[in-house]
Amino acid sequence: MYPEEIVLPMKAELTDNGFEDLQTPQEVEEALKREGTTLVMINSVCGCSAGSARPGVLMAVHNAEKKPSHLVTSFAGFDLDAVNSLRQHLLPYPPSSPSIALFKNGQLVHFIERHMIEGRPAQLIAGSLIQAFEENC
């Protein structure tokens with residue numbers, strides 16, 4: 001498990017921008033049962049999370065005309081039980097962090113795995129998300 005002093009500033013990058021921090025499996029289940037669309041960011045300490053995933057998610061949320069109803073996040077390697085619960089909803093995709101998922105009325109409709117984030121600019125991640133928002137929100 002990662003130390004708090006490393007994780008909390010990375011969590012704050014999203015929670016300070018309107019993301020709800022999911023720390024327990026119960027919070028995950030409640031969040032995914034909500035009507036509408038829910039954007040889920042599985043956060044991570046890796047460089048691709050800092051350089052592409054978090055900036056791309058924030059860029060998409062701030063610039064899209066159509067936006068998800070709910071924004072949530074959980075931190076891999078820190079919110080262990082919550083992330084494990086989220087990953088059950090992402091099957092058949094293998095565990096991936098960082099990763100970004102869009103759910104509509106509890107059903108997964110768009111998923112960006114780590115290998116789709118690594119080495120790609122934040123603008124590309126944002127573009128993919130904005131397109132998914134246009135189609136589903």
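Select N136 and display its side chain, which reaches the backbone oxygen of A132 at 2.9 Å. This separation falls under the definition of a polar contact, a pair of N or O atoms within 3.5 Å; within protein, one must be able to donate a hydrogen and the other to accept it, and residues adjacent in sequence count only if both atoms are side-chain atoms. The model is a predicted one, in which local features need pLDDT of at least 70, side-chain atom pairs count only at pLDDT 80 or more, and totals for chains, interfaces and linings use all residues. Residues are numbered from 1 along each chain as its sequence is written, and side-chain values use heavy atoms, with hydrogens and water left out.

**Stop 1**

N136 belongs to helix 5, residues 122-136. Helices (H or I, at least four residues) and strands (E, at least two) are DSSP runs numbered from the N terminus. With a relative accessible area of 15%, N136 is buried. Here buried means under 20% relative accessible area, exposed means over 50%, and partly exposed lies in between (1.4 Å probe, protein chains only). Next, select T37, L102, K104 and V109, which N136 touches when residues up to four places away in sequence are not counted. Contact means heavy atoms within 4.5 Å.

**Stop 1: helix 3 against helix 5**

The crossing of helix 3 and helix 5 is right-handed, meaning that the near helix is turned clockwise from the far one by less than a right angle. To see the contact, select G51, S52, P55, G56, V57, M59, A60, V61 and N63 of helix 3 together with A122, Q123, I125, A126, L129, I130 and F133 of helix 5.

Within helix 3, centre the view on P55. P55 is partly exposed, at 23% relative accessible area. Leaving aside neighbours within four places in sequence, P55 is in contact with S49, A50 and A122. A C-alpha to C-alpha distance drawn from P55 to V109 spans 21 Å, for two residues 54 apart in sequence.

**Stop 2: the salt bridges**

Side chains of opposite charge can pair when their charged atoms come close. The structure holds five salt bridges, each defined as a side-chain nitrogen of Lys or Arg within 4 Å of a carboxyl oxygen of Asp or Glu.

Begin with K11 and D21, whose closest N and O atoms are 2.7 Å apart. K11 lies in helix 1 (residues 4-15) and D21 in strand 1 (residues 20-21), so the pair ties together parts that are ten residues apart in sequence. K11 is buried, at 6% relative accessible area, whereas D21 is partly exposed, at 21%.

Select E20 and R34 next; their side chains meet in a salt bridge of 2.8 Å, N to O. This pair links distant parts of the chain, with E20 in strand 1 and R34 in the loop between helix 2 (25-33) and strand 2 (37-43), 14 residues apart. Both are partly exposed, E20 at 31% relative accessibility and R34 at 25%.

Then move to E118 and R114, which form a salt bridge of 2.9 Å, N to O. E118 is partly exposed at 38%, and R114 is partly exposed at 28%. Finally, show K11, D21 and D79 together: salt bridges that share partners join them into one network.

**Stop 3: backbone geometry in the loops**

Select L91 and P92, which are joined by a cis peptide bond with omega near 15 degrees. P92 is in the loop between helix 4 (80-89) and strand 4 (99-104). Which kind of peptide bond joins S97 and P98? The bond is cis, with omega about 0 degrees, and P98 is in the loop between helix 4 and strand 4.

The tour ends at N105, in the loop between strand 4 and strand 5 (107-112). N105 has a positive phi of about 50 degrees although it is not a glycine. At 48% relative accessibility, N105 is partly exposed.
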